[in-house]
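Please take a moment to look over the sequence and the model before reading on. The paragraphs below go through the fold step by step.

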Amino acid sequence: MFRYPIGILPADIDHMGHVNNSVYLKWVQDAVVGYWETVAPADAVASHQWVALKHEINYRRPAFLDDIVVADVIADQVKGARAFFTTIIKRGEEVVAEVQSIWCCLDSASLRPARLAKDIVSRFVRQA
């Protein structure tokens, strides 16, 4: 698991006084990419990019400007060029949102889908 700290900005707050739903998507994208950049070797980071294919967000509780929140990222599995992630956004022990997402790994040069080597996958996929 990878823990990604989140800073809530005044621009993140909507007309109802809490974090706008669209901001959660940015948080997930930043957290998953941060996870990849932290656990993958530098040459793999340089030669691969990730694009989101699907996000499914379950909002549990609203988040507010002064909240301290983190995103816990878990890489569940890799199938071909696709990777499946779970991101849990928390305020303390309280779950604010749960996100299931599917990402596609691309070769940075060709921008075509690319499979990762098994040794790279083993660095960031949750072991059963």
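What follows moves from the confidence of the model to its sheet, its core and a few single residues.

This is a predicted model, in which local features need a pLDDT of at least 70 and side-chain atom pairs count only at pLDDT 80 or more, while totals for chains, interfaces and linings use all residues. Residues are numbered from 1 along each chain as its sequence is written, and side-chain values use heavy atoms, with hydrogens and water left out. The predictor's confidence in each residue, pLDDT, runs from 0 to 100; its mean over the chain is 94, and 98% of the residues reach 70 or more. Within the chain, confidence is lowest in H3, with a mean of 87, and highest in E5, at 98. The labels H and E stand for DSSP runs numbered from the N terminus, helices (H or I) having at least four residues and strands (E) at least two.

Five strands form an open sheet in the order E1-E3-E4-E5-E2, with antiparallel pairing, where two strands are said to pair if DSSP finds at least two bridges between them. E1 and strand E2 (48-59) stand at the edges with a single partner strand each, so one side of each is left without a neighbour in the sheet. On average, and with direction ignored, neighbouring strands of this sheet are turned by 25° against each other; the axes behind such angles are lines fitted to C-alpha atoms, for helices over the stretch in contact, and angles run from 0 to 180 degrees between N-to-C directions.

Strand E4 (residues 82-91) is joined to strand E3 (residues 69-79) by ten bridges, the two running antiparallel. Lys79 stands opposite Arg82 in E4, and the bridge partner of Ala75 in E4 is Phe85. The hairpin of E3 and E4 has two residues between the strands, and Gly80 takes a positive phi near 65° there. E4 is also joined by ten bridges to strand E5 (residues 94-107), again in an antiparallel arrangement, and in E5 the bridge partner of Ala83 is Trp103. In the hairpin of E4 and E5, which has two residues between the strands, Gly92 takes a positive phi near 65°.

Strand E4 is mostly covered, with nine of its ten residues buried, a term that means under 20% relative accessible area, whereas exposed means over 50% and partly exposed lies in between (1.4 Å probe, protein chains only). Lys90 lies in this strand E4 and counts as buried because its relative accessibility is 17%. Not counting residues up to four places away in sequence, Lys90 touches Ile68, Val69, Val70, Asp72, Val95 and Val96, contact meaning heavy atoms within 4.5 Å.

Helix H1 lies across E1, E2, E3, E4 and E5, and runs at about 140° to E2. H1 has 19 residues and reaches 28 Å from its first C-alpha to its last, close to the 27 Å expected at 1.5 Å a residue, where the expected span is 1.5 Å times one less than the number of residues. Among the buried residues of H1 are Val23, Trp27, Tyr35 and Trp36.

A nonpolar core is a set of buried Ala, Val, Leu, Ile, Met, Phe, Trp, Tyr and Cys residues joined through side-chain atoms within 4.5 Å. Of the 33 residues in the largest such core, Trp27, Phe85, Ile89 and Phe124 touch the most other members. Strand E1 (2-6), helix H1 (21-39), E3, E4, E5 and helix H3 (118-124) each supply at least two residues of this core, and H1 gives the most, with eight residues. Leaving aside neighbours within four places in sequence, Phe124 is in contact with Tyr35, Trp36, Val39, Trp50, Ala75, Val78, Phe85 and Leu116.

Three further residues complete the tour. Ser101, in strand E5, counts as buried because its relative accessibility is 3%. Pro5, in strand E1, is exposed, with a relative accessible area of 60%. The C-alpha atoms of Pro5 and Val70 are separated by 4.4 Å, although the two residues are 65 residues apart along the chain. Leu111, placed in the loop between E5 and H3, has a positive phi of about 60° although it is not a glycine, and Leu111 counts as exposed at 52% relative accessibility.
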